[in-house]
Amino acid sequence: MNARRQPLIMVAPAAALLCGVALLPVLAAIWISLHRSILVFQERRFLGLSNYQFLLGDERFWSALATTAWFTAVAVAAELILGLWVALLLQRGGGIFRAAILLPWAIPTAVSARLWAWLFNADYGLLHRLVPGIDWLGSPRAALHAAILVDVWKTTPFVALILLAGLQAIPEEVVKAARVDGARPFRLFLSITLPLLRPAILLALLFRTLDAFRVFDAIYVLTEGGPANSTETLSIYAFKTLMRSGDFGYGSALSVATFACVLVLGLGFLRVLGTRR
């Protein structure tokens, strides 16, 4: 067997499986998005790019995109800041402390969202009693930030875990040399820790940005996109169009648009990760 072909042959089964579970559904969604497909009325006809033309003028789509972008930006920024602080604590803490920090991440998203929904409840919720006067899930201004709070609480441990791995990879000799030269803790953090932690930070940003941009389960459990569509993200809008309205053509177009946004974000982060300085 040719030595050059052997790696390709060994990778072929995994590549075929990946193609079957990832590429084919995307191609199927793109094909359906080119049709007007409403199963209730047994209607299906080819439209070409009409769904995408309608999407560009759909104010609800742009509103959902803005909501998704705001959710992603605020949640990921908060998770990165808190995750770095938690990672620094984990570096000094023991195994029990690390296990306790990771508990929110281990709880399924739907379960944690339901727990927070009870805490936010306007009648008997603990947070409503601690901070009276705020309808956490009933106010258009507060509902999205309540969902962001839930996402930050759940996924900050994941970011901290990635950053902890980056902190442990920093050579101890470099830190000791900086201390010998008289570097104070804050200067040590800015000049040594942050630059050497850059790959881990970018990796955490990549994972969390892609995951936050396609958020669905937490917001759906909390508000289902309400009130007044103030928490409606692209994924929830696509779900409602597909499953509630039964418009599989336009719903698929929304799904393809969401996939395209995630793909652009992913390629951008990968380009930054691959840049050598």
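Ala, Val, Leu, Ile, Met, Phe, Trp, Tyr, Cys and Pro count as nonpolar here, Asp, Glu, Lys and Arg as charged, and the others, Gly among them, as polar. With that sorting, the residues lining the second largest pocket come out as seven nonpolar, two polar and one charged. Keep in mind that you're looking at a predicted model.

**The largest pocket**

- The largest pocket holds about 490 Å³ of space.
- A total of 18 residues line the largest pocket, and L88, Q91, R92, R179 and T193 are the ones that lie nearest its centre.
- Three helices each give at least two residues to the lining of the largest pocket: α3 (59-92), α9 (172-180) and α10 (185-213).
- Sorted by class, the lining of the largest pocket has twelve nonpolar residues, four charged ones and two polar ones.

**The second largest pocket**

- Here the space comes to about 200 Å³ in the second largest pocket.
- Its lining is made up of P25, V26, A29, I30, R214, S255, V256, T258, F259 and V262.
- Both α1 (5-32) and α13 (248-273) supply at least two residues of the lining of the second largest pocket.
- Which helix gives the largest share of that lining? It's α13, with five residues.
- R214 is in the lining list, and Arg is one of the residue types that count as charged.

- Is A228 buried or exposed? A228 has a relative accessible area of 72%, so it counts as exposed, the cut-off being over 50%.
- N229 also has its place in the loop between α11 and α12, and its phi is positive as well, at about 60°, although N229 is not a glycine.
- N229 has 34% relative accessibility, so it counts as partly exposed.

**S112 in helix α6**

- You'll find S112 in helix α6, which covers residues 109-120.
- Why does S112 count as buried? Because its relative accessibility is 1%, and buried means under 20%.
- A polar atom of the S112 side chain lies 2.9 Å from the backbone oxygen of T109.
- Setting aside neighbours within four places in sequence, S112 is in contact with I107, W153 and K154.

**V40 between two strands**

- V40 belongs to the loop that runs between β1 (35-38) and β2 (43-46).
- V40 is exposed, because its relative accessible area is 66%, and exposed means over 50%.
- How far apart are V40 and D247 in sequence and in space? V40 and D247 are 207 residues apart in sequence, while their C-alpha atoms are 8.9 Å apart in space.

Notes: Residues numbered from 1 in each chain as written. Predicted model: local features only at pLDDT ≥ 70, side-chain atom pairs only at ≥ 80, totals over all residues. Heavy atoms only, no water. Helix = DSSP H or I, 4+ residues; strand = E, 2+ residues; numbered from the N terminus. Buried < 20%, exposed > 50% of the residue type's maximum accessible area, 1.4 Å probe, protein only. 1 Å grid on protein atoms, 1.4 Å probe; cavity = no way out; pocket = protein on both sides within 12 Å on 5 of 7 lines; lining within 4 Å. Points joined across faces, edges and corners; volume = space filled by probe spheres on them. Polar contact = N/O pair within 3.5 Å; in protein donor to acceptor, adjacent residues only side chain to side chain. Contact = heavy atoms within 4.5 Å.
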